[in-house]
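Here are some notes on the structure for you to read beside the sequence. Please go through the points in order, with the model open.

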Amino acid sequence: MSTGGTVLDEASIIICGDREQAYGHPGKNLNNIADQWALYLQQKYGQALDLTGEDVCWMMSDLKKCRQINASKRDNVVDAIGYIALIERIDE
């Protein structure tokens, strides 16, 4: 979904529009993901971790970086920017 604007414009539209309407406030959603990932890692490795929504944002941006290394696509850049931008919105 290219908007014809910059990757920054596109990321802003995505994180403040359809995605938030579909998945709820990013802070709640990202913290729920962090809780699920921490539970999975605790059950698998027996080590309790305190993951946060910010951790999820950084790890998801790493995922997008790895995908970009494999296949350069605008979507990877837009999504990575979006995840990093969501860090600011977690505590709203």
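Predicted model: local features only at pLDDT ≥ 70, side-chain atom pairs only at ≥ 80, totals over all residues.

1. One definition comes before the rest: angles of 65 to 115 degrees between axes count as roughly perpendicular. It is used in point 5.

2. Overall layout. The chain has 5 helices and 0 strands, and its elements run α-α-α-α-α from the N terminus on. Along the principal axes, the C-alpha atoms fill a box of roughly 45 × 35 × 20 Å. Of the 92 residues in the chain, 28% are buried. Among contacts with a separation of 6 or more, 51% join residues 24 or more positions apart.

3. Helix α1. This helix covers residues 7-16, and its buried residues are E10, A11, I14 and I15. Looking down the axis of α1, these buried residues fall within an arc of 120°, so they line one face of the helix. They pack against α2 and α5.

4. Helix α3. Which residues of α3 are buried? They are P26, G27, L30, A34 and A38. Down the axis of α3 these fall within an arc of 95°, so they line one face of the helix. The face turned away from the buried side carries the exposed residues K28, Q36 and Q43. The cover over the buried residues of α3 includes α2 (18-23), α4 (53-70) and α5 (74-89). After α3 comes G46, which has a positive phi, near 70°.

5. The packing of α3 and α4. Two packed helices are described by the angle between their axes and by the distance between those axes. For α3 and α4 the angle is about 85° and the axes are 7 Å apart. The two helices are therefore roughly perpendicular to each other. On the α3 side the contact is made by L30, N31, I33, A34 and W37, and on the α4 side by G53, V56, C57, M59 and M60. These residues divide into 8 nonpolar, 2 polar and no charged.

6. Residue W37. This residue is found in helix α3. Is W37 buried, exposed or partly exposed? Its relative accessible area is 30%, so W37 is partly exposed. Leaving out residues up to four places away in sequence, W37 touches L51, V56, M59 and M60. W37 and L49 are 12 residues apart in sequence, and their C-alpha atoms are 9.1 Å apart in space.

7. Residue L49. The loop between α3 and α4 contains L49. With a relative accessible area of 43%, L49 is partly exposed. What does L49 contact, leaving aside its neighbours within four places in sequence? The answer is A38 and L41. L49 is also 10 residues from L39 in sequence, with 8.2 Å between their C-alpha atoms.

8. Helix α4. At 1.5 Å a residue, the 18 residues of α4 should span 26 Å. The end C-alpha atoms of α4 are 26 Å apart, which agrees. Its buried residues are G53, V56, C57, M60, S61 and K64. They cover an arc of only 130° around the axis, which puts them on the same side of α4. On the face turned away from this buried side are the exposed residues I69 and N70. What covers the buried residues of α4 includes α3 and α5.

9. Residue S61. This residue has its place in helix α4. Buried means under 20% relative accessible area. S61 has 8% relative accessibility, so it counts as buried. Which residues does S61 touch, not counting those up to four places away in sequence? S61 touches A80, Y83 and I84.

Note on methods: Residues numbered from 1 in each chain as written. Heavy atoms only, no water. Buried < 20%, exposed > 50% of the residue type's maximum accessible area, 1.4 Å probe, protein only. Helix = DSSP H or I, 4+ residues; strand = E, 2+ residues; numbered from the N terminus. Arc of directions from axis to C-beta. Contact = heavy atoms within 4.5 Å. Axes fitted to C-alpha atoms, helices over the stretch in contact; angles between N-to-C directions. Parallel < 35°, antiparallel > 145°, perpendicular 65-115°, else oblique. Nonpolar A, V, L, I, M, F, W, Y, C, P; charged D, E, K, R; others polar. Expected span 1.5 Å × (residues − 1).
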